[in-house]
Amino acid sequence: MSAPRYHLTSYGCQMNKLDSELVESRLRQRGYVAAASEAEADVVLLNTCSVRQHAEDRVWSKLGKLRQRKRGEPGLVVGVLGCMAQEHKRYLVSRMPHVDLVVGPSAFGDIDDTVEVARHKNARLAAERDPARTKHEVVGAGVVTVDQGKSGDTIRRDVRVRPHRSQAFVSVMRGCNMPCTYCIVPTTRGDEVSRPIADIVEETQRLCDDGVTEVTLLGQTVNAYGRDLTGQGATLARLLRALHEIPSLRRLAFITSHPNFLGPDLVDAIAELPKVARYLHLPAQSGSNTVLKAMRRGYTVERYFARVEQLLAKAPDVELHSDFIVGYPGETAADFDATVAFLQRVGFAQSYVFKYSPRPGTVAAELADDVPDAEKERRNQVLLVAQEALTVAKNRALVGRTVEVLVEGDSKVDGRFSGRTEHHRLVHFAATDRDLVGRYVPVRVTEALAHSVVGELLPENAAEAGAHDPAETHA
Ligand code: SF4
């Protein structure tokens with residue numbers, strides 16, 4: 001009998017992509033193989049995101065198509081995983097009989113068992129995080145009880161599911177305890193739970209033994225890492241210092257940070273540890289104190305600036321990345337103008353801009369969504385244009401300089417490869433030698449584009465000559 005084939009589509013954030021790697025690893029260890037396409041799969045899994053309406057809409061649309069397919073293929077197994085499974089479990093179970101699995105983010109440790117049960121017993125089951133009980137709830141015909149899932153963080157990852165052999169993500173904590181009014185994450189992902197430093201070091205060492213040289217630590221508020229590990233003195237700064245000792249690790253990044261937890265110990269670690277990436281993703285969300293207060297972000301514009309200045313005083317080569325939400329309820333034109341000025345004053349290297357959309361179950365969803373769509377779109381465009389001007393200026397400043405690039409693979413343009421600098425800047429260059437993938441190479445920048453740069457590959461010994469993305473200022 002041929003091995004069962006799965007197809008997994010991942011929506012949303014980097015944390016979801018890592019979860020998808022863990023789910024795939026579990027299935028492969030169970031003998032499943034990846035289908036060449038969704039149409040050829042026996043098991044179709046959607047790892048979903050609830051953070052934005054757009055991501056949810058894509059999943060509902062996909063489920064509509066799968067409903068039709070399943071009419072002709074009753075043996076097909078359809079699973080909804082992740083945040084939408086957590087958030088919409090009742091609806092999925094009661095209104096979508098073609099969905100066989102509904103598995104929340106904390107139940108991935110047993111995902112292979114869950115898929116097997118659904119495949120062989122044709123049972124519909126729903127597993128979700130439930131801190132009050134030790135069992136997952138199971139719903140539907142052929143009731144099955146599944147033991148409390150391990151979050152998935154301890155699953156040994158199959159090298160075949162990592163998109164890049166030299167790069168890996170490592171989850172250091174899950175959940176979030178912050179009260180941001182617009183955000184569904186604390187509901188879908190639960191309270192902060194940090195992994196012990198020793199576990200993370202052990203996993204990272206294993207990945208490095210397996211050829212990984214760049215690790216990105218993941219957490220919803222990654223720089224709040226360790227505050228739930230009472231009495232252990234675990235902080236992100238300590239974790240970075242411990243991981244820095246792994247000899248074959250060359251780059252160490254972490255996302256996403258919250259401005260309130262950028263303390264002196266973390267600033268010192270960033271400044272002192274040469275393997276730590278030279279960019280910091282520090283979402284500001286707004287440049288208006290009125291909006292920040294309404295969002296319950298817990299800081300002011302002045303406090304954000306002060307933290308950034310403390311960081312840049314010690315680590316002036318670090319670039320800042322941000323997220324912004326435009327059109328939050330009550331955001332006036334003056335609030336928005338303050339955000340544009342704030343973005344320009346900090347001089348972010350990169351920003352993601354989102355138009356506010358209410359998420360049911362959040363505090364902000366109770367407020368009037370009073371900024372018209374057309375105005376949200378206008379603000380979105382204005383902020384994107386302002387950010388692009390900053391990004392292009394930073395890219396232009398690199399022309400003529402040599403940067404060290406970790407080669408990731410083919411660029412979208414034929415005959416080119418692409419990779420990233422220690423500032424996370426995307427670099428394209430002409431090359432044909434596939435052995436370059438996963439290596440660190442010197443590239444001289446020749447052209448600045450809106451979101452990347454183009455360069456020419458230099459001989460590898462040119463790295464000595466200054467393979468360093470130069471210091472750039474922000475404020
Ligand atoms: S810090 Fe705020 S925006 Fe970020 S995950 Fe937590 S609640 Fe959501």
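Setting aside neighbours within four places in sequence, Val-340 is in contact (heavy atoms within 4.5 Å) with Val-382, Leu-383 and Ala-386. This is a predicted model, where local features need pLDDT of at least 70, side-chain atom pairs count only at pLDDT 80 or more, and totals for chains, interfaces and linings use all residues. Residues are numbered from 1 along each chain as its sequence is written, and side-chain values use heavy atoms, with hydrogens and water left out.

**Val-340**
- Val-340 sits in helix 12 (residues 333-346); helices here are DSSP runs of H or I, at least four residues, and strands are E runs of at least two, numbered from the N terminus.
- Val-340 counts as buried because its relative accessibility is 12%, and buried means under 20% relative accessible area (1.4 Å probe, protein chains only).

**Arg-359**
- Look for Arg-359 in the loop between strand 14 (350-355) and helix 13 (373-397).
- Arg-359 is buried too, because its relative accessibility is 2%.
- Beyond four places in sequence, the contacts of Arg-359 include Ser-50, Glu-56, Tyr-182 and Ala-365.

**Confidence**
- The protein chain has a mean pLDDT of 88 (the predictor's confidence in each residue, from 0 to 100), and 88% of its residues reach 70 or more.
- Residues 130-150 stay under 50 in pLDDT, and the model gives them 51 contacts beyond four places in sequence.
- Residues 464-475 also stay under 50, with 38 such contacts.

Definitions and conventions: Buried < 20%, exposed > 50% of the residue type's maximum accessible area, 1.4 Å probe, protein only.
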